[in-house]
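Please open the model in your viewer and keep the sequence panel beside it. The tour below moves from one selection to the next and says what is found at each stop.

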Amino acid sequence: MRVSLHMTINRPHPRPASLSKKAASAAAFLATLGVTTLDAVPAGALSLAPTTSNDTLELPAEFNTYLESDYTYYDAEALAEIWGLDEVYDAKIKLGTLLQAGADIPIEPGSTQPVPQPVDATALALDAFWASDYAYQDALELAEYWGLENPYDAKIKMGTLLKAGYELPIEPGEMVGPFTFYNEIGYTWGDAEDLAAYWGIESTNDAKYKAAALLEQGHQLPLFSRQVALVNWEHYGYGWGDAVELSEYWGLDHPNDAMFKAGRLLKAGTVLPNPPQAASWQRFVDEGYTWADSMTLANYWGLEDENDAKIKAGRLLKAGVELPSVVDA
Amino acid sequence: MAGIDRIGIEVELIAPVGGSRRNLADHLAAACGGTVTQNWHLDSEPSANKSVGVFHHMTPAFDVVDGAGRPVARLVDDITIRRDLDFDAAPHPGWSRVVSDDPRFLRMLSGFLAPCGPDLAAVDDIVAGLGLVAEHKESAIRLVDDSGASVALLAHMPGERQRVTELISPVITGDRQPWIDLVMGAVAELGFVVPHEGATHLHYDAAPFRSAQPFRRLVTTFGEHAAGMRELFGTNPNCVRIGRLPEAIDQIVNATDFDEMPWSEIADRIAPVEGLAKYLDVNIINLIRSEPPIDTVEIRTLPSTASASDLAAMVNQVDAVMAGLLKPAAHACA
């Protein structure tokens with residue numbers, strides 16, 4: 001039961017007659033992924049070559065002139081450089097315009113050699129690595145094992161060995177090195193970032209190595225993990241509103257940062273500047289104050305939100321301070 | 001093509017005046033010797049009452065299975081489709097909708113109330129079994145508990161909402177053409193058309209995108225190149241629930257050590273990004289969750305169509321794009 005395209009088409013959004021620069025740029029990006037042999041799409045079209053449908057995409061005539069010429073993509077790239085154009089697409093259009101006018105072109109068609117693409121040993125080794133069941137974690141392990149500087153080098157070595165038919169020292173996912181411990185006790189990438197900041201190390205990976213090495217030697221890390229911080233944060237009844245408040249108080253960029261910092265302080269037995277908002281709010285309600293009271297107090301204190309008044313009042317009550325006489329319990 | 005073998009297709013359509021999504025369901029069932037069952041479709045909508053925030057509602061949905069009992073399609077309402085409807089039209093006979101501020105009430109009630117043709121007089125008895133009282137109002141029935149608190153509202157469905165048809169495929173493995181031919185053939189025969197705000201959404205398995213390289217390509221395509229992709233896809237400018245991925249994600253995927261990161265770390269970084277939502281050009285919410293309810297990546301910027309060949313062309317196009325994003329390594333040059 002095939003339905004004919006032109007009988008039933010219902011197209012409220014006609015596509016423009018030619019591709020804009022943005023669309024051409026998106027198409028060019030897709031072309032780098034090998035997405036070139038596409039059929040005509042009803043309302044848009046990725047296909048740069050004319051199709052057999054009545055409904056083909058109209059490219060600028062200059063672009064077609066370029067396509068029909070013997071100039072290659074690499075020539076256009078070189079011309080973009082010569083003419084000082086940011087986009088290769090613009091160079092193709094200019095080239096087409098000049099060809100139509102019969103003007104001189106600075107270079108001969110096909111004269112530009114492509115910049116060697118990474119179809120070299122490294123790329124092939126990485127391909128082999130990606131095609132295998134081994135992952136980043138394994139590369140970390142083996143970088144340690146082989147004494148390589150970073151997991152990237154390990155990936156290349158792993159890929160090279162795999163391609164040559166050798167077996168690797170570990171199975172995919174098998175953890176043997178110090179990271180076992182680092183991972184098992186709940187440290188994550190985020191913790192490595194925090195540790196890097198704490199130690200003043202630029203690379204998060206380096207911080208992770210250092211942390212793993214310390215743990216292996218039986219040392220404690222200077223920071224509790226984010227996971228432990230969050231457990232404590234929640235255990236003491238703190239919530240998102242508190243995180244926002246504390247991030248302002250401490251001048252931190254994001255409430256999450258305040259949450260981790262506060263959770264670590266709580267775990268270490270430190271009392272935070274304020275009790276949790278939820279508990280303060282509850283205190284206010286438990287003492288018999290009403291919503292109308294919170295409105296009165298918000299007015300009295302010049303707060304925009306009556307909820308802020310509830311929290312402030314609850315904290316005062318907890319500290320044993322009497323509320324202003326405008327309200328009565 | 002590895003990784004994109006399975007697909008889910010959703011097309012937003014509208015029935016001709018006087019028709020409903022039920023007609024399409026019946027027609028489809030007849031075409032494949034199957035049957036139709038009516039069910040409730042749960043969804044949410046922003047509430048006019050600010051203190052509630054979101055209202056949850058359920059409306060009649062129709063599930064079509066073929067002669068062997070295999071699912072063929074599910075046809076549901078879509079609240080973003082509005083412009084082509086006559087809001088003053090009288091309620092569609094027999095159809096009702098249920099509204100509540102808590103989806104749990106709706107799931108509970110869905111087992112007891114029929115979506116189409118419930119005997120409104122019998123509602124009293126049905127809800128009494130749940131300890132609820134039905135207060136009959138002029139245009140609706142309010143269901144309250146014994147303290148008088150409102151649990152849900154059972155109302156008629158005015159304003160031609162029965163015409164709205166979001167056509168949802170089951171999971172299709174391999175060749176998409178047979179499903180497209182069957183379903184869009186019925187669409188064409190009944191004269192369903194493309195609504196003003198209409199879109200087509202395609203779901204692909206999320207798992208293959210859970211690693212640095214494919215994820216970066218996906219994000220580049222629908223973030224950095226979002227505007228160009230919309231033009232290439234012919235995105236409906238009247239589509240309301242789309243948007244480019246937050247720019248903060250561009251920065252994350254372009255970090256020098258991004259390719260070295262395992263997926264868990266990538267997900268940890270993406271999840272807290274402000275502005276990340278389901279209703280963007282690509283829905284990656286389920287991709288970054290560890291236990292998603294639907295494990296898919298959803299492409300949301302395709303226009304709606306009432307034509308089988310248009311739909312097939314669009315699906316081919318997006319298949320090719322998704323397969324490109326998943327290729328092991330890219331050496332080609334534009």
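Begin by selecting A:Ala76, A:Glu77, A:Leu79, A:Ala80 and A:Trp83 in H4(A), which are in contact (C-beta atoms, placed from the backbone, within 7 Å) with A:Val88, A:Asp90, A:Ala91, A:Lys92, A:Lys94 and A:Leu95 in H5(A). Sorted by class, this contact has seven nonpolar, no polar and four charged residues, where Ala, Val, Leu, Ile, Met, Phe, Trp, Tyr, Cys and Pro count as nonpolar, Asp, Glu, Lys and Arg as charged, and the others, Gly among them, as polar. The axes of H4 (residues 73-83) and H5 (residues 88-101) of chain A come within 8 Å and cross at roughly 90°, the axes being lines fitted to C-alpha atoms over the stretch in contact, with angles from 0 to 180 degrees between N-to-C directions. H4(A) is therefore roughly perpendicular to H5(A), a term that covers angles of 65 to 115 degrees.

The model is predicted, so local features need pLDDT of at least 70 and side-chain atom pairs count only at pLDDT 80 or more, while totals for chains, interfaces and linings use all residues. Residues are numbered from 1 along each chain as its sequence is written, and chains are lettered from A and ligands numbered from 1 in the order in which they are written.

**Chain A as a whole**

Now select chain A, which has 17 helices and zero strands (DSSP runs numbered from the N terminus, helices being H or I of at least four residues and strands E of at least two). Of its 329 residues, 30% count as buried, that is, with 20 or more other C-beta atoms within 10 Å of their own.

**Helix H8**

Next, select residues 151-163 of chain A, the 13 residues of H8, which reach 18 Å from first C-alpha to last, close to the 18 Å expected at 1.5 Å a residue (1.5 Å times one less than the number of residues). The buried residues of H8(A) are A:Pro151, A:Ala154, A:Lys155, A:Ile156, A:Met158 and A:Gly159, and what covers them includes helices H6 (121-131) and H7 (136-146) of chain A. Following H8(A), stop at A:Gly165, whose phi is positive, near 90°.

**Strand E5 in chain B**

Finally, select residues 96-100 of chain B: four of the five residues of strand E5 are buried, so the strand is largely enclosed by the rest of the structure. Three bridges join E5(B) to strand E3 (residues 54-65) of chain B, antiparallel, with B:Val98 as the bridge partner of B:Met58. Four bridges join E5(B) to strand E8 (residues 150-156) of chain B, also running antiparallel, and here B:His156 is the bridge partner of B:Ser96.

Terms used
Buried ≥ 20, exposed ≤ 12 C-beta atoms within 10 Å, placed from the backbone. Contact = placed C-beta atoms within 7 Å. Parallel < 35°, antiparallel > 145°, perpendicular 65-115°, else oblique. Pairing = 2+ DSSP bridges.
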